[in-house]
Every structure is written in C-alpha cells, then in structure tokens.
Amino acid sequence: HVGVGSILDTGELEQSLEAAALELGAALQGFYPLSLVNAYLQLTEGLLRAFYDLWYPKLKAKFQIVGPAEQEMSVWLDTNVPSTIVHMSRPDAVLKDKATGEYGVWSIKTTSFSDDAELELEYRTDTQGMAEMWAAEKFFETKLSWSQLFVIHTGQKEKMEEGGHIHLSPV
C-alpha cells in the first residue's frame with residue numbers, strides 16, 4: 001500500500017518504488033531468507049510499475065483524488081451525541097468522479113486467487129469497504145455514492161525449501 005499510496009499522493013514512480021522497498025524490506029528481513037525477500041521486492045516493483053503505467057493514468061483521467069491516500073479518519077459511532085466509541089478508518093483513497101461529481105472510496109486488495117468466483121465472494125463480503133464509505137461520508141460531510149475494489153493479482157503461491165512461500169509473478 002505504501003507504493004500505491006505514494007503514487008496517488010505524489011504522482012512520482014521512482015520515489016514510490018523506494019518508499020515501498022524500504023518498508024517491505026524492513027518488514028521481511030530477519031524473518032525470511034534473503035532470496036524470498038528479494039523475490040517479494042521484485043514482485044512489488046513489477047506490480048507498482050504496472051500500476052503506474054497502466055492504471056494510474058486511467059485513474060487520474062476519470063477521478064480527482066480527494067485528500068491524501070490512506071487518510072486517518074475518526075468518527076463517533078453515535079453521530080448525534082459524542083460517545084465513548086470511535087470508529088477509526090483509513091480508506092486507500094477517496095475519489096471524486098470528474099464526469100458525475102460523485103464521491104466514492106477506493107480500496108486496494110491483493111490476492112493470489114485466480115478464480116473469478118472466489119474474487120466475487122471477496123467483494124460481496126467487503127465490510128471494510130462499506131465501513132470506510134460510511135466513515136468517509138461522516139468525515140467529509142458529503143454523500144458517497146460508491147465503493148470500488150481495485151484487485152491486484154499477486155500470482156499463485158509456491159512453497160520454498162528455505163521456508164515461507166513465493167508468489168509466481170503474473171507480471
């Protein structure tokens with residue numbers, strides 16, 4: 001998410017690749033063999049380059065990005081009276097459709113599923129996306145019309161002899 005979030009915030013690919021590599025490398029090193037860490041870094045770079053070259057131009061042409069990517073939102077559950085329960089949310093992006101003016105939330109998901117039926121089950125039970133939409137409506141004080149999943153296929157998993165698993169890149 002760091003890489004895509006950085007692309008959404010800055011529009012810069014190389015800076016976003018560096019940020020993603022630093023975070024992912026730090027999270028994986030010491031827990032996984034170096035060969036697996038390097039494979040994940042290569043996969044991440046490939047996916048980010050594909051996103052930047054293929055999807056980012058389409059996204060920018062159709063939508064205005066509202067606020068920073070992964071903006072923290074805290075919303076009282078009882079909106080009429082402050083309560084002790086606060087819903088915390090961080091949608092990947094809040095977007096405004098340039099043609100219709102409608103607002104929505106954009107949620108990035110990664111998956112190794114190759115079956116469309118399995119993916120359909122995922123989006124039908126995406127309570128995170130629904131909760132993010134509700135929180136964004138309260139936070140921005142505007143009606144949101146849609147929630148969209150952006151699914152990045154990471155490839156099928158294969159076990160490694162050194163431990164862990166590797167994704168067979170779809171890129």
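**Close-up views of a predicted model**

**View 1. Phe51, Tyr52, Trp55, Tyr56, Trp106 and Phe150 make up one aromatic cluster.** The model is predicted: local features need pLDDT of at least 70 and side-chain atom pairs count only at pLDDT 80 or more, while totals for chains, interfaces and linings use all residues. Residues are numbered from 1 along each chain as its sequence is written, and side-chain values use heavy atoms, with hydrogens and water left out. Rings of Phe, Tyr and Trp (its six-membered ring) are paired if their centres lie within 6.5 Å; planes under 30 degrees apart count as stacked, over 60 as edge-to-face and the rest as tilted.

**View 2. Phe51 and Trp106 form a tilted aromatic pair.** Eight aromatic pairs are found in a search of the whole structure. In the pair of Phe51 and Trp106, the distance is 6.1 Å centre to centre, with 35° between the planes. The pair links distant parts of the chain, 55 residues apart: Phe51 belongs to helix α3 (residues 34–62) and Trp106 to strand β5 (residues 103–111). Helices (H or I, at least four residues) and strands (E, at least two) are DSSP runs, numbered from the N terminus. Phe51 and Trp106 are both buried. Buried means under 20% relative accessible area, exposed over 50%, and partly exposed in between (1.4 Å probe, protein chains only).

**View 3. Phe51 and Phe150 form an edge-to-face pair.** The pair is classed this way because the ring centres of Phe51 and Phe150 are 5.6 Å apart and their planes are at 75°. Phe150 is in strand β6 (residues 144–153) and Phe51 in helix α3, so the pair ties together parts 99 residues apart in sequence. Phe51 counts as buried because its relative accessibility is 3%; Phe150, at 12%, is also buried.

**View 4. Trp76, Val86 and Met88 form a nonpolar surface patch.** Together they have about 300 Å² of accessible area, computed by the Shrake-Rupley method with a 1.4 Å probe, where for residues only the protein chains shown count as cover. Met88 is in strand β3 (residues 86–89) and counts as exposed, at 56% relative accessibility.

**View 5. Phe139 lies in helix α5 (residues 127–140).** Its relative accessible area of 33% makes Phe139 partly exposed. Phe139 and Val75 are 6.7 Å apart in space, C-alpha to C-alpha, and 64 residues apart in sequence.

Key
Patch = residues over 30% accessible without salt bridge, like charges linked within 9 Å, V, L, I, M, F, W, Y side chains within 5 Å. Salt bridge = Lys/Arg side-chain N within 4 Å of Asp/Glu carboxyl O.
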